[in-house]
Amino acid sequence: MNTTKILGEAVGIQSQGVVDRTETQTKVGLTSAIIIGQFKRGRVDRPMTIHNGNIRGQLGHEPNNPYYNAVQDCLDTGVPSVQVLRVGGIDNGNIPIIGCEGATNSFKFLEVSKIGTNPPAESASIIIDGVQLADDDPLPEWLQIIFLEDETYPLPIPTGYEVAVGLRQFINLGTENHRFEFIHDPDWGLGLVYDNPTVIEFKDVVGQDTGVCLAPFDEDLDLYTPAILALNPKAYYLMSEESGNVVTDLSPSGFDGEIRHTENITYRQEIIRKGSAGALGFNTGTNGSSGTAECFVSDATAGDFFRKLAGNEKSCTIAFWCKPVSSKQYTYLAAYMLNSTMGYNNYRFIAYNGDKLLAQSPNNDNQVASTNSFTEMINQSNFIVWRKDAVAQTYTLTVNGVSKTVSGEASPEAAGQGFYFPMSDGYSSYGLRGYMSDMSVFDYALSDAQITDLYNKGKLA
């Protein structure tokens, strides 16, 4: 082999000593993760944030599903939450799909708790379209929930359970189907869902895991009546009778009234508020200003309730819908009559010669007038509300969402004949000539927000 002592441009290696570039482990565990897998529950449009508090409700408890176990194992390492993207569902042959065929746009729901227990807040989950509704989440805009205080569950409550939360009605106000799942631990409570053909049970225990579909909103659905009854009226006359001389009180009071002069009554003739089956027509078939048809609730039926609405230190609200078809010299809409000869009243709604509608209590005192004249109210639906606020010492008349208020005090109530709507009491030309429905009476002053809500639920488009 030939060798030389001169390297020149030959290739060589230069040593610069040892440099330690070994990386050190700075984390003792995962702080976040994302898992893609198949689950029987959950949204598929974007990742879900899953933690130990919602894993069962959001994904569905599946101990035999390797994807589910991967999520649970990850959480068990101390990760606060995991991003989970669902790409499909597990079909194990016994998980029914919530169908929407034949669905209605509402269902009723009753929660019951196991007797002798105090269920924790996290014992029940509500899942809407695959997404769990957290306790602090606002309700979707399309969802309305009404408490049905005066209605009872029509089926036997399961043995060993008692009512935890009163009956609620879930209503879809939107334009799309929505699927609900109610997940309960039967050791704490159950959720009983009914009044919708699509209700299904996922488990053998009724009310443990329940599904239901809400169809899009039906424009003909009556939202007004449930809203009125939820406010606990002392009297409520739907005035949708088809025949006879009884106007039925739908409130718990049972103050049924008498329909007088039925020969001048037209039954279910007009739809004057949304969801109504029809209103009573008063004197619409008579000539000119004549006619005496009316509804009457006597003191023999209601005791002193109606007359005491005018008393000192008492609040009240009277609300109704009406559609006048003509104006008379005097047009009474409602009154508590004291004297049938002279027409004295504890309170009354009256329009004179088509002028502004007046609410007066007692008689001509504490008078508040509507903004528009009665003539302008003819041939249109009108929502009329009179409030007496004993605390503020005010009277307010609201017509179609527009309110006028005056200050004043009530006088002691005087005993008379009873409550009339629309009032005529033998006067041939004093009763309403038109249509009326949904006369409701409360022993407290409704708030502005409650009145606005009722108006919006009942007004025609």
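Predicted model: local features only at pLDDT ≥ 70, side-chain atom pairs only at ≥ 80, totals over all residues.
Charged side chains are considered first. Across the whole structure, a search identifies 12 salt bridges. One of them pairs Lys-108 with Glu-151, whose side chains approach to 2.7 Å, taken from N to O. This pair connects distant parts of the chain, its partners being 43 residues apart. Lys-108 belongs to strand β4, which spans residues 106-114, while Glu-151 sits in the loop between β7 (143-147) and β8 (161-172). The burial of the two partners can be stated in turn. Lys-108 has a relative accessibility of 13% and is therefore buried, the cut-off being under 20%. Glu-151, at 31%, counts as partly exposed.

A second salt bridge joins Lys-323 and Glu-270 at 3.1 Å, again from N to O. Here too the pair links distant parts of the chain: Lys-323 lies in strand β19 (residues 316-324), Glu-270 lies in strand β16 (residues 265-270), and 53 residues separate them. Lys-323 is buried because its relative accessible area is 18%, which falls under the 20% limit. Glu-270, with 22% relative accessibility, counts as partly exposed.

The salt bridge between Lys-457 and Asp-453, at 2.5 Å from N to O, has a local setting to consider. Both residues are in helix α7 (residues 448-458), and because they are 4 residues apart there, about one helical turn separates them. Lys-457 is buried at 9% relative accessibility, whereas Asp-453 is partly exposed with a relative accessible area of 35%. Elsewhere, Lys-108 and Glu-151 form one network with Asp-195 through salt bridges that share partners.

Attention now turns to the nonpolar side chains. In soluble globular proteins, such side chains tend to be buried together. In this model, the largest nonpolar core holds 44 residues, and the members that touch the most others are Phe-306, Phe-349 and Phe-421. Strand β19 supplies the largest share of this core, with 4 residues.

What does Phe-306 touch, when residues up to four places away in sequence are not counted? The contacts of Phe-306 comprise Ala-235, Tyr-237, Phe-255, Val-297, Tyr-336, Tyr-347, Phe-419 and Val-441.

Methods
Residues numbered from 1 in each chain as written. Heavy atoms only, no water. Salt bridge = Lys/Arg side-chain N within 4 Å of Asp/Glu carboxyl O. Helix = DSSP H or I, 4+ residues; strand = E, 2+ residues; numbered from the N terminus. Buried < 20%, exposed > 50% of the residue type's maximum accessible area, 1.4 Å probe, protein only. Core = buried A, V, L, I, M, F, W, Y, C linked by side-chain atoms within 4.5 Å. Contact = heavy atoms within 4.5 Å.
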